[in-house]
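I opened this notebook to record what I looked up in one structure. The entries follow the order in which I worked.

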Amino acid sequence: MTAQRRLLRFAFILLLVLVAVALLGPFLVARDPMRIDLAARFLAPLQAGHLLGCDQLGRDVAARLLAGLRWSLGIAAGATLIAFLLGTAIGLLAARSRALFGTALRQVTIFTQSFPVFVLAVSIVAVIGKSGFATLVLTLGLVTWPVFARVVQAEASSLFTREYVLAAEMMQMGGARLLLRHVLPALVPSLSVLLVFHFADMIIAESALSFLGIGAPLGAATWGGMLNESRAHMLTAPWMLLAPAACLVLLVVGAHALGQRLREATA
Amino acid sequence: MSLLSVEQLSVAYGRTTALRAASLQLAAGEILAVVGESGSGKSSLARAVAGLVKPHSGRITLDGSDLALRPRVERRAIQMVFQDPDASLNPRHTVRFILDEPLQILAYGPAAARAERIETLLRLVQLEPALLDRRPIALSGGQKQRVAIARALAMQPRVLLADEALSALDMSTQSTLLDLFASLRRETGIAILFISHDLAAVRRLADRVCVLYRGRVVEQGDCAQVLAAPQHPYTKLLVAATIDPARALQDPAFLARLADGVSVEEETMQ
């Protein structure tokens with residue numbers, strides 16, 4: 001096994017562990033991630049029962065890290081799901097519609113994708129003026145669907161000209177049956193790779209928004225928010241920075257490694 | 001009255017006209033060959049008849065009814081066998097699934113009745129039931145094409161379009177499939193629109209022939225008659241470009257050239 005493959009396997013296992021930790025978080029660290037304890041301010045790791053120490057308000061870093069992991073995974077999964085469903089539906093419609101409607105859909109996709117995702121997301125959250133889980137999920141999902149639409153439209157356009165699909169059309173097979181039996185299964189390999197990479201991108205986008213203080217409610221435990229708060233104390237309390245930064249890198253690298261493995265497997 | 005009638009049919013892709021006012025008739029149980037070089041409009045004709053491309057003008061009637069004005073399900077009476085056996089079958093499905101799907105669409109009956117029908121279809125196309133659980137990747141080109149024919153027959157069509165259905169196969173497989181088309185016509189009475197550029201295959205199979213050149217029908221009539229005494233200059237060129245072994249071996253000049261060491265390939269090139 002090459003070093004690259006070993007690294008990939010390690011990253012993949014790491015991702016699974018992080019997901020398991022997120023699910024089991026409340027059982028692993030029973031502390032309230034929001035509870036302020038001024039007596040425990042800047043407490044170093046492994047002291048007074050705080051595995052990763054405490055932050056500037058005496059909040060338990062480990063508890064906040066796990067809460068942030070659940071927040072990040074939830075938003076990334078929700079946004080990816082919305083982008084996937086919307087993008088796949090629009091991509092299929094664009095591929096299927098031969099006339100003006102299909103062209104219009106393709107142009108809408110290109111137009112939407114021409115905006116920088118991050119700028120668009122910040123603008124939408126600012127306009128909505130309401131922070132929270134649902135706002136972030138919807139915003140990130142609604143600004144990133146063109147990624148899926150472009151891939152689905154390109155692949156499905158080719159599939160709709162395949163002779164086995166034409167044969168199914170000649171049987172006057174219903175549209176839903178045609179999609180479910182002949183078109184969508186052929187899209188699974190590329191969509192599964194795209195899903196994983198998109199998930200990693202959403203983790204980064206959510207963290208970046210949280211870092212800027214956009215999207216998450218005030219005081220909520222998010223990795224981006226933790227990184228932002230740690231900047232002023234990185235020399236005196238480096239654990240506040242290292243813990244969320246290391247977890248963010250590991251999660252994104254793990255997701256990319258999984259995407260890479262899927263890409264290799266489906267090539 | 002003919003079973004299928006194509007009247008003044010034109011097909012265009014953007015500004016390119018592939019078929020210009022083509023007309024032809026196909027009677028029940030007849031095999032009509034459509035011949036012509038690449039780009040002559042043969043496949044456009046087949047796809048328009050199949051309903052896969054929208055004609056620019058003209059009409060297609062089945063039993064006298066304009067198909068454009070009839071419910072789309074009536075187009076099930078026309079099925080097609082495509083050129084590329086590898087692309088004709090969904091690689092994810094087994095032969096059993098591929099043949100069962102049209103029967104489900106037709107609401108043919110319970111699973112047992114469908115299984116019986118699948119066996120009948122396999123017998124018709126001379127395939128072994130042992131192939132039923134294989135996926136297309138485990139079939140030869142000829143077997144794939146037979147499965148594609150069986151799938152088309154499962155829809156109980158009245159017209160079968162064979163669009164260059166033999167051209168991707170080796171000579172011996174082509175020969176057995178030609179026999180299969182002939183036996184299908186005998187056993188089921190199906191009408192076949194046989195699209196090909198292989199005049200030897202056409203001569204062997206078709207009752208009538210229709211010659212397409214640059215999107216236009218330039219000549220049509222009885223197959224033996226058209227190929228023996230072509231009238232249109234393009235048909236003459238087309239016939240002259242192919243060797244009919246039976247006729248060539250009767251030609252003293254041909255035999256003399258062969259005796260002088262000219263190979264059959266070189267002779268064909270001339």
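**Conventions.** I noted that this is a predicted model, in which local features need pLDDT of at least 70, side-chain atom pairs count only at pLDDT 80 or more, and totals for chains, interfaces and linings use all residues. Residues are numbered from 1 along each chain as its sequence is written, chains are lettered from A and ligands numbered from 1 in the order in which they are written, and side-chain values use heavy atoms, with hydrogens and water left out.

**Confidence.** I looked up pLDDT, the predictor's confidence in each residue, from 0 to 100. Chain A has a mean of 86, and 98% of its residues reach 70 or more.

Two strands pair if DSSP finds at least two bridges between them. In chain B I found an open sheet with the order β2-β1-β4-β5 and antiparallel pairing. Strands β2 (16-26) and β5 (65-66) of chain B each have a single partner strand, so one side of each lacks a neighbour in the sheet. Five bridges join β1 (residues 4-13) to β4 (residues 57-62) of chain B, and B:Ser5 stands opposite B:Thr61 in β4(B).

**Six-stranded sheet.** I then traced an open, mixed sheet in chain B, with the order β6-β7-β8-β3-β9-β10. Its edges are β6 (78-81) and β10 (216-222) of chain B. Strand β9 (residues 208-213) of chain B runs antiparallel to β10(B), joined by six bridges; B:Arg208 has B:Asp222 as its bridge partner.

**Cores.** A nonpolar core is a set of buried (under 20% relative accessible area, 1.4 Å probe, protein chains only) Ala, Val, Leu, Ile, Met, Phe, Trp, Tyr and Cys residues joined through side-chain atoms within 4.5 Å. The largest has 51 residues, and B:Phe181 and B:Val202 are among those that touch the most other members. Helix α5 (residues 141-154) of chain B gives the largest share, seven residues. Apart from this core lies another of 40 residues, including A:Trp71 and A:Leu248.

**Between the chains.** How many residues does each chain bring to the contact (heavy atoms within 4.5 Å)? Chain B gives 27 residues and chain A gives 16 residues.

Conventions:
Buried means under 20% relative accessible area, exposed over 50%, partly exposed in between (1.4 Å probe, protein chains only). Helices (H or I, at least four residues) and strands (E, at least two) are DSSP runs, numbered from the N terminus. Contact means heavy atoms within 4.5 Å.
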